[in-house]
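Here's a friendly walk through a protein model for anyone meeting it for the first time. Have a look at the sequence and the 3D view, then read on.

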Amino acid sequence: MSWFNGLFRRIRATIHLWLNPPYRTTVVEETLPKKMKRRTLYIVQEDGFEEQAAMLCPCGCKRVLQMNLLPDERPCWRLVSHGDGTASLQPSVWRKKDCGSHFWFRRSRVEWCSDFIPLRRRRWKWLR
């Protein structure tokens, strides 16, 4: 029976990855675009230096999250670019106002922290 549980976990993980594709990483010079795309992490560069990372909030509230990448200012995130074209942000992103989103951005995917239920899931509680 344990082989069945392992198979079920692998199938579930494959379906989850298929339904939640990774974010695209787009490098822009100096300013963010006026209309930002969903599931895209924007890296703002000026004179070759990465200054900030920005994205639309993954909870669905459509607010722009901006993470400072300059080590001289606080708070500061670190951007890690992986060889497979994905990116990670460290530490976690926590929006303490409005929606309260709290997540890790690892290998271009959003991993929700256990203390947060995304807005989309809150709207559809009856599905649980």
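Accessible areas here come from the Shrake-Rupley method with a 1.4 Å probe, and for residues only the protein chains shown count as cover. On that basis, the protein chain exposes about 9400 Å², with carbon and sulfur atoms supplying 55% of that area.

A quick word on the ground rules. This is a predicted model, where local features need pLDDT of at least 70, side-chain atom pairs count only at pLDDT 80 or more, and totals for chains, interfaces and linings use all residues. Residues are numbered from 1 along each chain as its sequence is written, and side-chain values use heavy atoms, with hydrogens and water left out.

So what is the chain built from? You'll find two helices and eight strands (DSSP runs numbered from the N terminus: helices are H or I with at least four residues, strands are E with at least two). Along the sequence, the pattern reads α-β-β-β-β-β-β-β-β-α. Of the 128 residues, 32% are buried, meaning under 20% relative accessible area with a 1.4 Å probe, protein chains only. Take the contacts (heavy atoms within 4.5 Å) between residues at least 6 apart in sequence: 25% of them join residues at least 24 apart.

Now for a sheet. Four strands line up as β5-β6-β7-β8 in an open, antiparallel arrangement; strands pair if DSSP finds at least two bridges between them. At the edges sit β5 and β8, each pairing on one side only. Here are those two edge strands:

| Edge strand | Residues |
|---|---|
| β5 | 78-81 |
| β8 | 109-112 |

Zoom in on β7, residues 102-106, which is joined to β8 by four bridges. β7 and β8 make a hairpin with two residues between them, and Arg 107 in the turn has a positive phi of about 50°.

Finally, which residues line the second largest pocket? Among them are Leu 65, Gln 66, Met 67, Trp 77, Trp 94 and Asp 98. β4 (64-68) and β6 (87-94) are the elements that give two or more residues to this lining, and β4 has the largest share, with three residues.

Notes: Buried means under 20% relative accessible area, exposed over 50%, partly exposed in between (1.4 Å probe, protein chains only). On a 1 Å grid over the protein atoms alone, a cavity is a set of points where a 1.4 Å probe fits but cannot get out, and a pocket is an open set with protein on both sides within 12 Å along at least five of seven lines; lining residues have an atom within 4 Å of a point.
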